[in-house]
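Welcome! Please take a moment to look over the sequence and the model, and then we can walk through the fold together.

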Amino acid sequence: MAKKKKAPGGNTICLNKRAKHEYTIETRFEAGLSLQGWEVKSLREGRGQLVDSYVVFKNDEAWLVGAHITPLISASTHYVTDPRRDRKLLLHRRELDKLTTAVEAKGYTCVALALYWKNGMVKCEIALVKGKKLHDKRADEKEKDWNRQKQREMSVSVR
């Protein structure tokens with residue numbers, strides 16, 4: 001019997017690396033994503049980007065804005081596809097209330113961090129974030145460099 005092939009890169013479809021650099025992440029949430037058929041097929045091929053995406057709250061609903069899903073030529077022949085359309089996020093009422101109050105009252109921003117597969121469904125990891133100042137970014141960069149240097153020294157001393 002043939003073994004099933006694992007998808008390259010595991011369950012993660014795409015990451016928003018820029019968000020971790022630009023913001024300090026406070027709280028993370030997992031949300032479902034309302035997608036069309038051609039979008040699911042494109043995400044199976046790994047054609048999603050979250051670079052400039054964020055979450056907007058309209059009419060007691062959460063919407064993912066700015067996410068780009070490139071359509072496959074073979075899968076979307078008879079559709080008019082919009083790669084940057086707003087996609088509805090599926091959250092519980094308590095989570096929605098918590099997010100909206102934090103964004104409106106406390107000055108947080110809600111950003112998408114990752115898209116990934118979970119039990120055959122596409123999930124979106126969103127987070128409440130605050131913007132970093134320039135000196136915060138520099139401090140993080142110094143800390144990363146210091147950790148890399150420690151790792152190198154440890155690997156040399158082990159040999």
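In what sense do strand β8 and β9 pair, and over how many bridges? Strand β8, made of residues 109-118, pairs with β9 in the antiparallel sense, and nine bridges hold the pairing. Keep in mind as you read that this is a predicted model.

Let's follow that pair along its length. V111 has A127 in β9 as its bridge partner, and K118 stands opposite M121 in β9. Two residues lie between β8 and β9, which together form a hairpin.

Now look at another neighbour of β9. Strand β2 (residues 23-33) runs antiparallel to β9 (residues 121-131), and nine bridges join them. Within this pairing, A31 finds its bridge partner in C124 of β9.

Seven strands make up an open sheet, in the order β1-β8-β9-β2-β7-β5-β4, and their pairing is antiparallel. The edges are taken by β1 (12-15) and β4 (54-58); each has a single partner strand, so one side of each is left without a neighbour in the sheet. From one strand to the next, the twist averages 40°. As a general point, side chains in a regular strand alternate between the two faces of the sheet.

Helix α2, residues 37-44, lies across β1, β7 (87-90), β8 and β9. Relative to β8, helix α2 runs at about 75°.

Methods. Residues numbered from 1 in each chain as written. Predicted model: local features only at pLDDT ≥ 70, side-chain atom pairs only at ≥ 80, totals over all residues. Heavy atoms only, no water. Pairing = 2+ DSSP bridges. Helix = DSSP H or I, 4+ residues; strand = E, 2+ residues; numbered from the N terminus. Axes fitted to C-alpha atoms, helices over the stretch in contact; angles between N-to-C directions. Contact = heavy atoms within 4.5 Å.
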